[in-house]
Amino acid sequence: MPDTFRIGLLGHGTVGAAFAELLEERADAIAAITGIRPVLSGVLTRSRGEFTALLDDSDLIVEVMGGIEPARSHALAAMRAGRHVVSANKLLLSQHGEELWAQARESGVQLRFEGAVAGVVPVIRVLQESLAGAHVERIHGIVNGTTNYILSEMRRSGASYADALRQAQELGYAEADPTDDVTGRDAAAKMAILARLAFSTPVSIDQVTYEGIEQITADDMAHADELGLGLKLIGTAERVEGGISVRVHPAFLYGGHPLASVDGPFNAVTIEAPAITEITLSGPGAGGPQTASAVLGDVISAMIPPASTPETIDSLPIVADVVSAFYLHMEVEDRPGVLARIAEILGESGASIRSVVQHGMGDNARLVMVMHPITESSFYAGVERIAQLPFLRSRPRAIRVIDEEFM
Ligand SMILES: NC(=O)c1ccc[n+]([C@@H]2O[C@H](COP(=O)([O-])OP(=O)(O)OC[C@H]3O[C@@H](n4cnc5c(N)ncnc54)[C@H](OP(=O)(O)O)[C@@H]3O)[C@@H](O)[C@H]2O)c1
């Protein structure tokens, strides 16, 4: 009989219940490979179990309860007691990661969290292990499946944002309260974790600027198609001017970008470093069985030590004003000189136009432009001046364009 390895499970919801089922299903195979049989020692929910007794009976704690407290206190207590911890809790790690990693180092235990970012896509492991020797310059990610489904559906069927959101809720891709997803906050938490690992510098969710997809219209999608662009909610973590920038916002991509073809509820992360050029990992970004699979992978890794707990080695400043290309959408009075005046203001702001599409709408016209890269502050100063022009029919709208293509 192989030795047993006891797992205490905090949370028995979507991920926890799927994990318990998967563990039972895979226990024989894991025992055959590792010589150790993982067993569930107990479960804690709001209505059953007691934490201290569960901890006493466990070699490792799986935290899939979500939220900050009591998840944080339980994870810290488990590590202090010498137990490894596996968590899928992006909120907890993006707010209290440093405290948790410090405790893991002090206690000499493992804190693993593959399920916290991009579901089953093994991006944490790749950053911590496979690319440990690479100097990561930039990460772009589609790390929220709900918004990617909504945007894909708007593009595919011409649906409005509200209709696509309703459809996502009916199919179970969006929660009844989708706020964290559609505002970009969920993606911001995940990008904080990825930036922390990629750049070995402390990054918390408060330092990530984020915009959501609520303002995106079916029109944007149609114009994007004409310009050969696809629209995604993109998380970016990159080195800039001696610091880093971590942000989440809608962005247009040209067809050659690896994230351009990632549709539906899928997630994908592109990592760029000089030695590797670019790698892209993609797959299901959420779901009980999928996330449970990532959690079980972490449990097995913890059963067979060692793995390192990352220490920060830098203290890089967060850079607020970065360079980006832009899509600019304007509705204007259709009369001579309008385009010239707008181009003049953009020129004075340092912006140069890459492409323009114009559509007549009776007495008015719709102008859609794609700009070459420019610092965000200069561009928005120009947009603010354009917004004041008397022939503007509504506020101009700007969306960033990621103008890299890997072909
Ligand atoms: N769902 C996904 O697809 C997914 C994907 C990736 C990561 N995650 C992460 O995984 C974690 C769990 O998500 P989930 O979707 O499985 O959540 P869920 O379905 O809401 O389940 C949460 C579980 O934790 C228990 N719990 C919550 N607060 C508790 C408390 N104060 N004391 C004791 N038990 C408590 C709940 O107990 P009761 O049963 O008594 O309510 C429930 O069993 C979250 O951190 C989430 O961000 C989820």
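Which polar backbone atom is 3.2 Å from an oxygen atom of the ligand? I looked, and the atom belongs to Gly-13.

**Ground rules.** I'm working on a predicted model, where local features need pLDDT of at least 70, side-chain atom pairs count only at pLDDT 80 or more, and totals for chains, interfaces and linings use all residues. Residues are numbered from 1 along each chain as its sequence is written, and side-chain values use heavy atoms, leaving out hydrogens and water.

**Ligand.** For Val-15 I noted a polar backbone atom 2.8 Å from a ligand oxygen. Lys-90 uses its side chain instead, with a polar atom 3.2 Å from an oxygen of the ligand.

**Glu-331.** I placed this residue in strand S12, residues 323-333; strands here are DSSP E runs of at least two residues, helices H or I runs of at least four, both numbered from the N terminus. Leaving out residues up to four places away in sequence, I see Glu-331 touching Met-361, Ala-365, Arg-366, Phe-391, Leu-392, Arg-393 and Ser-394 (contact means heavy atoms within 4.5 Å).

**H5 and H9.** The axes of H5 (residues 123-130) and H9 (residues 185-199) come within 9 Å and cross at roughly 10°. I therefore log them as roughly parallel (angles under 35 degrees; 65 to 115 is roughly perpendicular). The crossing is left-handed (near helix turned anticlockwise from the far one by less than a right angle; clockwise is right-handed). Val-123, Ile-124, Leu-127 and Gln-128 of H5 meet Ile-193, Leu-194, Leu-197 and Ala-198 of H9. By class I get seven nonpolar, one polar and no charged residues.

**H6 and H10.** Here the axes of H6 (residues 145-157) and H10 (residues 218-226) come within 9 Å and cross at roughly 70°. That is why I call H6 and H10 roughly perpendicular, and their crossing is right-handed. Leu-151, Met-154 and Arg-155 of H6 make the contact with Ala-218, Met-221 and Asp-225 of H10. I count four nonpolar, no polar and two charged residues in this contact.

Methods. Axes are lines fitted to C-alpha atoms, for helices over the stretch in contact, and angles run from 0 to 180 degrees between N-to-C directions. Angles under 35 degrees count as roughly parallel, over 145 as roughly antiparallel, 65 to 115 as roughly perpendicular and the rest as oblique. Ala, Val, Leu, Ile, Met, Phe, Trp, Tyr, Cys and Pro count as nonpolar, Asp, Glu, Lys and Arg as charged, and the others, Gly among them, as polar. A polar contact is a pair of N or O atoms within 3.5 Å; within protein, one must be able to donate a hydrogen and the other to accept it, and residues adjacent in sequence count only if both atoms are side-chain atoms.
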